[in-house]
Amino acid sequence: MLDVSPNQQPELRPAYPIRTERLLLRPLTVGDVDALLAYRSRPDVCRYVPFDPMDRQLISERLAGHWATVALTDEGQGLTLGIELARTGELVGDVVLFWHSREHRGGEIGYVLNPDVAGHGYATEAAHALLRLGFDELGLHRIVARIDERNDASVKVARRLGMRQEARLVQNELFKGEWSTELDFAMLAEEWPAHRDRFADGRQHRDTDDSIIEAPAVP
Ligand SMILES: CC(C)(COP(=O)(O)OP(=O)(O)OC[C@H]1O[C@@H](n2cnc3c(N)ncnc32)[C@H](O)[C@@H]1OP(=O)(O)O)[C@@H](O)C(=O)NCCC(=O)NCCS
């Protein structure tokens, strides 16, 4: 819960699972190794993210390490949560909320989805839940997403969430052997209420051009 009174430091201790229309977000466990390996070992999934294809051992090490975090208690921490389909219990991806600064109340989101279930809005739905955690429960002032310009699918997620593109950093990083142009998206706490209920009915959402896109029936 959000608590920013002078005597109490804000922190985020969600009650799990976090439920959305079609998903459950929850901490990863050792039982998720195979599901994580299914997508985190794929070169196409890792093309624009700051990690290389992972093997079973690395995933197990992560699970015993910082992926075991279940709460954000201070700046510099990241909370990684698994995306589970509520209907089947299948783990299909993961999202991360970083708490960058206590003073500036700044955070960042990231998301990775198994390509087998792409195109259903699950990543957007999960990332939307992260924005809610960051703004409504941790009391962040500003949340960003930093995306390689070539990563069209990720750019679309940020836009669909209602995040504002603020910067285009031309060839600012030598990323996996190539110059990467970074797009910086952001949302402020004061902008969040306009987007909080965007997916509330689970049937439709507005894209950046404000046209209503009908969501297909749940597969
Ligand atoms: C980035 C990534 C998570 C996006 O996955 P995605 O499946 O395209 O995104 P979503 O789950 O939000 O699905 C969006 C698509 O589902 C459609 N959709 C269907 N039902 C929907 C609904 N109810 N709500 C929203 N979108 C819906 C959208 O129209 C959109 O289709 P489009 O791509 O044809 O425009 C995925 O490509 C990925 O994991 N990439 C590798 C890792 C990565 O690069 N992560 C980002 C690093 S910055």
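Strands E2 and E3 (residues 77-85) run antiparallel and are joined by five bridges. They belong to a predicted model, in which local features need pLDDT of at least 70 and side-chain atom pairs count only at pLDDT 80 or more, while totals for chains, interfaces and linings use all residues. Residues are numbered from 1 along each chain as its sequence is written.

**Confidence**

- The average pLDDT (the predictor's confidence in each residue, from 0 to 100) is 90 for the chain, and 87% of the residues score at least 70.
- Over residues 201-219 the pLDDT stays under 50. For this stretch the model has 21 contacts beyond four places in sequence; two residues are in contact if their C-beta atoms, placed from the backbone, lie within 7 Å.

**The sheet**

- Eight strands form an open sheet with mixed pairing, in the order E1-E2-E3-E4-E5-E6-E8-E7. Two strands pair if DSSP finds at least two bridges between them.
- E1 and strand E7 (164-175) each have a single partner strand and stand at the edges, so one side of each has no neighbour in the sheet.
- Strand E1 (residues 18-19) pairs with strand E2 (residues 23-27) in the antiparallel sense over two bridges, and a hairpin of three residues joins E1 to E2.
- Arginine 19 has leucine 24 in E2 as its bridge partner, and isoleucine 18 stands opposite leucine 25 in E2.
- Leucine 25 also has a bridge partner in E3, namely isoleucine 83.

**Helix H5**

- H5 packs on the sheet and touches E5, E6 and E8. Its direction makes about 160° with that of E6; axes are lines fitted to C-alpha atoms, for helices over the stretch in contact, and angles run from 0 to 180 degrees between N-to-C directions.
- In helix H5 (residues 152-161), the buried residues are Ser154, Val157, Ala158, Arg160 and Leu161. They lie on the same side of H5 because they cover an arc of only 165° around the axis, where the arc is that of the directions from the helix axis to the C-beta atoms.
- A residue is buried if 20 or more other C-beta atoms lie within 10 Å of its own, exposed if 12 or fewer, and partly exposed in between, with C-beta atoms placed from the backbone.
- Glycine 162 follows H5 and has a positive phi, near 95°.

**The nonpolar core**

- Buried residues make up 30% of the 219 residues in the chain.
- The largest nonpolar core has 40 residues. Such a core is a set of buried Ala, Val, Leu, Ile, Met, Phe, Trp, Tyr and Cys residues joined through C-beta atoms within 7 Å.
- Helix H4 (122-137) is among the elements that give two or more residues to this core, and H4 gives the most, with nine residues.
- Val95, Ile109, Tyr111, Ala126, Ala127 and Leu130 have the most contacts inside the core.
- Not counting residues up to four places away in sequence, alanine 127 touches Val95, Ile109, Tyr111, Val157 and Leu161.

**Valine 112**

- Valine 112 is found in strand E5 and is buried, because 21 other C-beta atoms lie within 10 Å.
- Leaving aside neighbours within four places in sequence, valine 112 is in contact with Tyr39, Val45, Val49, Gly93 and Asp94.
- Valine 112 and valine 95 are 17 residues apart along the chain, and their C-alpha atoms are separated by 6.3 Å.

Methods: Helix = DSSP H or I, 4+ residues; strand = E, 2+ residues; numbered from the N terminus.
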